[in-house]
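Here is a short briefing on one protein chain. Please look over the sequence and the fold, then read the points below.

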Amino acid sequence: MKLKVNMFGKRVKALAVLVALALASMATQPASAQAGHGARGFSVDFSQCTEFVGVGPVDFARASSLVQPAFTTLPVGSTAAIVVRATSCASVQVDGGVGVRTIISQIGIEITPPDGTGDINNYTLIYVTDNAQLALAFHLVGLPAVFDPAITYEFTYDSTGKSGGLYVEAEGMGLPGYFLTGVETDPSSAGFDFKANWWYQGFAGVIKQASDFPNIAFGPANVSLHTSRESVLGKLIGGNTDADFHFLPVRGVYPAAHMDVTISSL
């Protein structure tokens, strides 16, 4: 009971932080920006980051039922593809502001490119972060990002100094908890440019997160996802655990990345 009370208290505090930031943001914005509810978009810069990305098969019908009508689920054989990502950065800046250490977790479904750009395009099911300014920026453009100040991203090297264990845990208001656990290995090859787009239909239009990773390197990973089988995520993966990310299971390392969040009518 004490644990449940503590978690409820953390969630209430998280909501209070977002409300306070929203009021402060509105107070410092011109009237034209307030009228547009912040729907002009924003940019984000990331530095000194690592990540896990897992892409694997899920039931096509179940996945498609979660994708908004503005987008088309990408068929991969007879299945769809779930995309699970978690990243930890030494610094994240929203619109050129103060850089703060940040953890982000995203889960989505791969879709056909709505505008023909990107090396991968995903529909956003879940977006969680401990960066309150980032969560607020997404809320202002219509993406229901979850602010979780207790989100966890831990990577612990083993005796080789090249591989180690990953543990990620996230939850929040309206989002049942989920976690990732497994083993990853640092990249052994040079980095390259990679562009990833994440999409969502918000109240002001279609939201596009266009991220450019100019020098990202990948190493192998063997990680599994765990959650309640009764949650939306659990029903998508068909149970408590998904350990099949054979489409793409990687540990990513990138010194810098840039994301532009824009709103359009497509």
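**Aromatic pairs and strand pairing**

Tyrosine 123 and tyrosine 200 are both buried. They belong to a predicted model.

**The tyrosine pair**

- The search of the whole structure gives 11 aromatic pairs.
- In one of them, the ring centres of tyrosine 123 and tyrosine 200 are 6.0 Å apart and the planes meet at 20°, so this pair is stacked.
- The angle falls under the 30 degrees that counts as stacked.
- Tyrosine 123 sits in strand E4 (residues 120–129) and tyrosine 200 in strand E9 (residues 192–202), so the pair ties together parts that are 77 residues apart in sequence.
- Ring pairs also join Phe71, Tyr123, Trp199 and Tyr200 in a cluster.

- Phenylalanine 155 pairs with tyrosine 157 in an edge-to-face arrangement, with 4.8 Å between centres and 85° between planes.
- The cut-off for buried is under 20%.
- Tyrosine 157 has a relative accessible area of 40%, so tyrosine 157 is partly exposed.
- Arginine 251 lies over the face of phenylalanine 155, and the distance to the ring centre is 3.7 Å.

**Strand E4 and its partners**

- In E4, 9 of the 10 residues are buried, so the strand is largely enclosed by the rest of the structure.
- Strand E3 (residues 100–110) and E4 run antiparallel and are joined by 7 bridges.
- Opposite tyrosine 123 of E4 stands isoleucine 109.
- E4 and E9 run parallel, with 4 bridges between them.
- Tryptophan 199 is the bridge partner of tyrosine 123 in E9.
- Strand E5 (residues 146–147) runs parallel to E4 and is joined to it by 2 bridges.
- In E5, valine 146 stands opposite valine 128.

**Strand E1 and its partners**

- Strand E1 (residues 42–59) has 13 of its 18 residues buried, so E1 is largely enclosed by the rest of the structure.
- E1 and strand E12 (residues 248–264) run antiparallel and share 13 bridges.
- Leucine 248 in E12 stands opposite valine 55.
- E1 also pairs with strand E2 (residues 79–94), in the antiparallel sense and over 14 bridges.
- Glutamine 93 in E2 stands opposite aspartate 45.

**Whole chain**

- The chain holds 5 helices and 12 strands.
- It has 266 residues, and 47% of them are buried.
- Of the contacts with a separation of 6 or more, 67% are between residues 24 or more positions apart.
- The accessible surface is about 12,100 Å², and carbon and sulfur atoms account for 59% of it.

**Confidence**

- The mean pLDDT of the chain is 90, and 85% of the residues reach 70 or more.

Note on methods: Residues are numbered from 1 along each chain as its sequence is written. This is a predicted model: local features need pLDDT of at least 70, side-chain atom pairs count only at pLDDT 80 or more; totals for chains, interfaces and linings use all residues. Side-chain values use heavy atoms; hydrogens and water are left out. Rings of Phe, Tyr and Trp (its six-membered ring) pair if their centres lie within 6.5 Å; planes under 30 degrees apart count as stacked, over 60 as edge-to-face and the rest as tilted. Buried means under 20% relative accessible area, exposed over 50%, partly exposed in between (1.4 Å probe, protein chains only). A charge sits over a ring if NZ of Lys or CZ of Arg is within 6 Å of the ring centre and within 35 degrees of the ring normal. Two strands pair if DSSP finds at least two bridges between them. pLDDT is the predictor's confidence in each residue, from 0 to 100. Contact means heavy atoms within 4.5 Å. Accessible areas come from the Shrake-Rupley method with a 1.4 Å probe; for residues, only the protein chains shown count as cover.
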